[in-house]
Amino acid sequence: MKGTAQREWVLSQESFDELLDWLHADREQAGKIYEEIRYRLIKIFLYRGSTIAEDLADETINRVARKVREIRSTYVGNPTLYFHGVARYVYLEHIKQTPEPLPHVLVNPPDEPDESELEHRCLEQCMGHLTPHNRELVLEYFQDDKRAKIEHRKELTQRFGISLNALRIRAHRVCASLKKCMRECLETART
């Protein structure tokens, strides 16, 4: 991650206790909050495609633990949001340090479609297998960015008459079936 000074710093029991105290006065509640934060951080890093999500989550927690003494008296709001902000910087540092893959040239015989064309055909085919309702859900669920995405998903929950969690679950299931269909389609197309 950043410099060697940050990597050399080790989370001590005292720092960990301070972190837990900052999360909640009740030690058991603090432990639950800590576990939830760590779980969410791992999910965030996995979602962004990291292969070392747990390491990045631990690095984020260590950095917050180092700062708790400084920020504790002045920080206002949910501590989870502070962790998410630090996680953003940890991730940005990580991708800056990760070398980009070397470009390579794919030479396909003229009669064979290239990979992206195959993927596009399979995606169209798999989307065609979805019900109109599920097709609309998946297309709209992943529409927009940042704040607009949040607002759009709230709108979808009202339109479909379901909770945000139910919307997420439904979108995940539709995506899982799309991935399965895509995998099968691509395997068939390549043979």
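**Aromatic contacts and their surroundings**

A search of the whole predicted structure finds 6 aromatic pairs. Rings of Phe, Tyr and Trp (its six-membered ring) pair if their centres lie within 6.5 Å; planes under 30 degrees apart count as stacked, over 60 as edge-to-face and the rest as tilted. The rings of W22 and F83 are tilted, because their planes stand at 35°, with centres 6.3 Å apart. W22 lies in helix α2 (residues 13-23) and F83 in helix α5, so this pair ties together parts 61 residues apart in sequence. Helices (H or I, at least four residues) and strands (E, at least two) are DSSP runs, numbered from the N terminus. W22 is buried at 11% relative accessible area, and F83 is buried at 1%. The rings of Y75 and Y82 are edge-to-face, because their planes stand at 75°, with centres 5.4 Å apart. Y75 is partly exposed at 25%, as is Y82 at 21%. Buried means under 20% relative accessible area, exposed over 50%, partly exposed in between (1.4 Å probe, protein chains only). W22, Y75, Y82 and F83 form one aromatic cluster.

Charges also sit over rings (NZ of Lys or CZ of Arg within 6 Å of the ring centre and within 35 degrees of the ring normal). R48 lies over the face of Y91, 5.1 Å from the ring centre. R159 lies over the face of F160, at 5.8 Å.

Residues are numbered from 1 along each chain as its sequence is written, and side-chain values use heavy atoms, leaving out hydrogens and water. In this predicted model, local features need pLDDT of at least 70, side-chain atom pairs count only at pLDDT 80 or more, and totals for chains, interfaces and linings use all residues.
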